[in-house]
Amino acid sequence: MAEQAPAPGSRDGISRRGILGLFGAGAAGAVVGAAGGAGTAVAVTGAFGGPEASAAYDFHGTHQAGITTPAQDRLHFAAFDVSDSLDRAGLVGLLADWTDAAARLTQGLEVEEGGAVGGSDHAPPADTGEALGLPAAGLTITFGFGPTLFEDAAGVDRFGIAARRPPALQALPRFQGDALKAEWTGGDLCIQACADDPQVAVHAIRNLSRIAFGRASLRWSQLGFGRTSSTSTSQSTPRNLFGFKDGTANVKAEDGEALAEHVWVDAADEPAWLAGGSYLVARKIRMVIENWDRVQLGEQEQLVGRSKGEGAPLSGGTEFAEPDFEATGATGAPLMAATSHVRLAHAASNGGVRMLRRGYNFVDGNDQLGRLDAGLFFLSFQRSPEQFVTVQRSLASDGLNEYLKHVGSAIFAVPGGIRPGEHVGQPLFA
Ligand code: HEM
């Protein structure tokens, strides 16, 4: 194999074009993971002299990528509102254009061939250019459809799809303690872009927003860092901004049975067009970390129900031990306190319900009181929104609530995987 000279502007000596020139779009290399359909990754490692590993995940597959894909380190999430002037054909056109661009971007390509600098000097470039020279960085792009796409706030069926709306796709109910702000809530469409390089994730959302110009506009968006979940047993458990391991008891890519039961919409579920898809819940949760930082270690652990160091349940064992909710201490009190987060969120307290969590930390500057505007951008994928509703209601007595404020909320139906030549959500419009 020929030596590849570092591309100008390349951070690691790996040029996006160089990789694809040698391998073709995601065609070769070492396959490092193939969980869940759309999860085949091509490892691009030291072959080019760079120490970093980068992955390119298949865009096409049984399920959309970005759900069971090993959680990347960075997020740019965006919710869009469709323009009032757009008709059904226009919406389908937008989804087709987004699909084409996403299929290229996830392979480390520009929006279109020569898009950044290869076009006319007299026209704006088709690609904004800030990802030139960067590898795919594990980019996944996941699309979702909000309740208002099917029927807007006035009950208007703008795109002739109201009759095909999943019955379960309703705005989430109001939960105790909700302090939702309109500017971080709702949306007709969403795009979740995850990557191991923030510039790559931002480039994806920026270019997809640009493609939507005049057809859909950004309603709100969120940057995230430091994944707060692991979605594969191959990953170590990261920590959230409370300093606790987060993702230990998550549904993982390797557990096909749990995915089928708790995450993927089944072909026998309603509606058939959503088979292989899922429901995505997004919650922007502000964490009052200045108050949390004044709480004693023992109390922090009681509130979570796990040790801060290892992440083990307070009932004993190591990190992945099952919590024992019957176990009591010397005083006779349960070792897993009745108001601990883990106890209330666990399947045992919720009729067996589980979900796949895939959230990110955020810090959006600070407020006027000099406190960090920080928290958890919670994302979960589940077979039915009812799973989230059940757990969130159970968390009404969560001791952590004193340090949390839910300020944003949205729900989306995430269509199943996209086949080559199709666009996202094609079965909905068939
Ligand atoms: C900022 C808010 C939150 C924080 C800091 C937080 C933190 C944690 C931590 C530290 C764990 C234990 C480790 C693990 O198993 O992942 C956990 C578990 C869990 N959390 Fe949260 N969480 C938050 C919000 C939520 C929300 C909104 C939900 C869903 C409505 C949720 C659902 C769960 C579930 C299902 C588990 C696994 C419980 C088990 O089976 O043991 N969490 N969370």
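Predicted model: local features only at pLDDT ≥ 70, side-chain atom pairs only at ≥ 80, totals over all residues.

User: How many residues surround the ligand, and which are the closest?
Analyst: 27 residues surround the ligand. The closest are Phe244, Thr248, Ala249, Ala345 and Leu376.

User: How does that shell divide into nonpolar, polar and charged?
Analyst: The shell has 16 nonpolar residues, seven polar and four charged.

User: Zoom out. How many helices and strands are there in the chain?
Analyst: Ten helices and twelve strands. The chain has 430 residues, and 47% of them are buried.

User: What share of the contacts is between residues 24 or more positions apart?
Analyst: 71%, counting contacts in the chain with a separation of 6 or more.

User: Where does Gly359 lie?
Analyst: Gly359 is in the loop between strand E9 (356-357) and strand E10 (360-366).

User: Is Gly359 buried or exposed?
Analyst: Buried. The cut-off is 20 or more other C-beta atoms within 10 Å. Gly359 has 24, so it counts as buried. Leaving out residues up to four places away in sequence, Gly359 touches Thr228, Ser229, Leu376, Phe377, Phe378 and Leu379. Leu376 is also among the residues closest to the ligand.

User: New topic. How many residues are in the largest nonpolar core?
Analyst: 94. Leu139, Ala193, Ala201 and Ala204 have the most contacts inside it. Helix H2 gives the most to this core, with seven residues. In soluble globular proteins, nonpolar side chains tend to be buried together.

User: What is Ala193 in contact with?
Analyst: His76, Leu139, Ile141, Ala201, Ala204 and Ile205, leaving aside neighbours within four places in sequence.

User: Ala201 and Ala204 again. Which residues are buried in H4?
Analyst: Val200, Ala201, Val202, His203, Ala204, Ile205, Asn207 and Leu208. Strand E4 (74-82), H2, E5, strand E6 (189-195) and strand E7 (216-227) are included in what covers them.

User: How far apart are the end C-alpha atoms of H4?
Analyst: They are 20 Å apart. H4 has 14 residues (198-211), and at 1.5 Å a residue it should span 20 Å, so the two agree.

User: And the backbone? What is phi of Ala137?
Analyst: Near 55 degrees, a positive value in a residue other than glycine. Ala137 is in the loop between helix H2 (88-105) and strand E5 (140-145). Ala137 counts as buried because it has 28 C-beta neighbours inside 10 Å.

User: Which residues does a cis peptide bond join?
Analyst: Glu270 and Pro271, with omega about -15 degrees. Pro271 is in the loop between H5 and E8.

Note on methods:
Residues numbered from 1 in each chain as written. Helix = DSSP H or I, 4+ residues; strand = E, 2+ residues; numbered from the N terminus. Buried ≥ 20, exposed ≤ 12 C-beta atoms within 10 Å, placed from the backbone. Contact = placed C-beta atoms within 7 Å. Near = placed C-beta within 6 Å. Nonpolar A, V, L, I, M, F, W, Y, C, P; charged D, E, K, R; others polar. Core = buried A, V, L, I, M, F, W, Y, C linked by C-beta atoms within 7 Å. Expected span 1.5 Å × (residues − 1).
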